[in-house]
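Trainee: I've got a model open and I'd like to learn how to read helix packing and pockets from it. Can you walk me through it?

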Amino acid sequence: MDRIEIAKLLDSSRRQLRDEVVDLTLKQPFWQQQSGSEITDRLILDVESSLVALSKSVYYGSPMLFADHIRWQRDLFQVMGCSTGRVREICTYIWNASSARLPDDAQPAISVSIQSAMDGLSYGGVAQSFEALHVDLAEALVAATIDAHWHWQMVYGSDGRDQMLYEAWFLIDYVIDALGSGKLQGMRQQLIRVRQDLTSRGLSTFHVRQLVWFLNQAAEARMQAGDVAELQHMMGLALHAIDDTAESSVALLGAQEHIVAEVARQLTTAGLSPHTDQTPIEIGWYLAYLADSIAAGSPEPMCGYTRWMQHWLANQGLPDTPLRHSYEALYTAVGHYLPEYAAREAMSVLQVAQRLL
């Protein structure tokens, strides 16, 4: 089968291929969450234009035609908050659909154009180094989170590892885009989306920061110091997107070290801190949820974590005595170290959470 015949087959099958690719794309919740119902019409137009470009690429025997189109489309999608990985996904769906619908002898010409487009989406420089470790870094994030800590296990469940790996892969995809393009907006938008998603499931804003910290650690173990420094600088700037700049939140952050030390001291004195190295970490989580409650103007984040802790302690066969004392000590400490307006907000949240105990 010559390339002109293959191009004609692509044209005659375009509508069916387009609909199949759009259906596959919309199965990923990202698209509906980001753009609402109008995204369907946008994807129909974009996928159809890609199929037209693919047909021309095969017809003229020029893979670069399709590669140029896909790079141009990537630029448009990035304005919408998409990463390069979303464009790669659509290319994969085009390949899967055409493989299923068109004869086997049409596949080589089509695959050459699609592979050329995929290759053309790669960056150079530092981004290329990260791209080479993309899967490895995503696996490292999963190992540091869902494999290691019950907070993440509570959210993703026993069968949620693949979903976490998928989400970690796309987080790193935005990192690669930011390093490759020198533009931070997409990374900032993604961090905001990750925070919205994780906090809606019961995690905290600090868990997003923890993800970035784990990524930095994974990069340090695998990459050259200069590349890691560029990552850390870029992520430090991007993380400002999830800063809460309200006065009470800023005050709590500024007093955090003093509050943790005071609460840890009280728990140790009461004999409720057998693992003194872990106590500040646990208090830090209480403060993370307290901060989210203050930022949200609602006690629910703190109450949700309180219910989690009760459940966890019960599963360990332990009473909630340490939790009660921790909240009492927190209540006292915020009164000591926060300005009156911030202490009032924090105490109000803690009072609601204490009523659950």
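Trainee: At what angle do helix 15 and helix 16 pack, and how far apart are their axes?

Mentor: First, the ground rules. This is a predicted model, where local features need pLDDT of at least 70, side-chain atom pairs count only at pLDDT 80 or more, and totals for chains, interfaces and linings use all residues. Residues are numbered from 1 along each chain as its sequence is written, and side-chain values use heavy atoms, with hydrogens and water left out.

Mentor: Now the general idea: two packed helices are described by the angle between their axes and the distance between the axes. Axes are lines fitted to C-alpha atoms, for helices over the stretch in contact, and angles run from 0 to 180 degrees between N-to-C directions. Helices are DSSP runs (H or I, at least four residues), numbered from the N terminus. Here, helix 15 and helix 16 pack at about 150°, their axes 9 Å apart.

Trainee: Which hand does the crossing of helix 15 and helix 16 have?

Mentor: Right-handed. That term applies if the near helix is turned clockwise from the far one by less than a right angle; anticlockwise gives left-handed. The contact divides into 13 nonpolar, four polar and no charged residues. For the classes, Ala, Val, Leu, Ile, Met, Phe, Trp, Tyr, Cys and Pro count as nonpolar, Asp, Glu, Lys and Arg as charged, and the others, Gly among them, as polar.

Trainee: How do helix 12 and helix 14 pack?

Mentor: Helix 12 (residues 185–201) and helix 14 (residues 225–238) pack at about 60°, axes 9 Å apart. That makes helix 12 oblique to helix 14, as angles under 35 degrees count as roughly parallel, over 145 as roughly antiparallel, 65 to 115 as roughly perpendicular and the rest as oblique. Their crossing is right-handed. Met187, Arg188 and Leu191 of helix 12 touch Met234, Met235, Leu237 and Ala238 of helix 14.

Trainee: And pockets: which residues lie nearest the centre of the largest pocket?

Mentor: Rolling a probe the size of a water molecule over the atoms shows where empty space is left. In this model, Thr205, Phe206, Ala288, Ala291 and Asp292 lie nearest the centre, out of 36 lining residues. Helix 16 (279–296) gives the largest share, eleven residues. The lining divides into 20 nonpolar, ten polar and six charged residues.

Definitions and conventions: Helices (H or I, at least four residues) and strands (E, at least two) are DSSP runs, numbered from the N terminus. Contact means heavy atoms within 4.5 Å. On a 1 Å grid over the protein atoms alone, a cavity is a set of points where a 1.4 Å probe fits but cannot get out, and a pocket is an open set with protein on both sides within 12 Å along at least five of seven lines; lining residues have an atom within 4 Å of a point.
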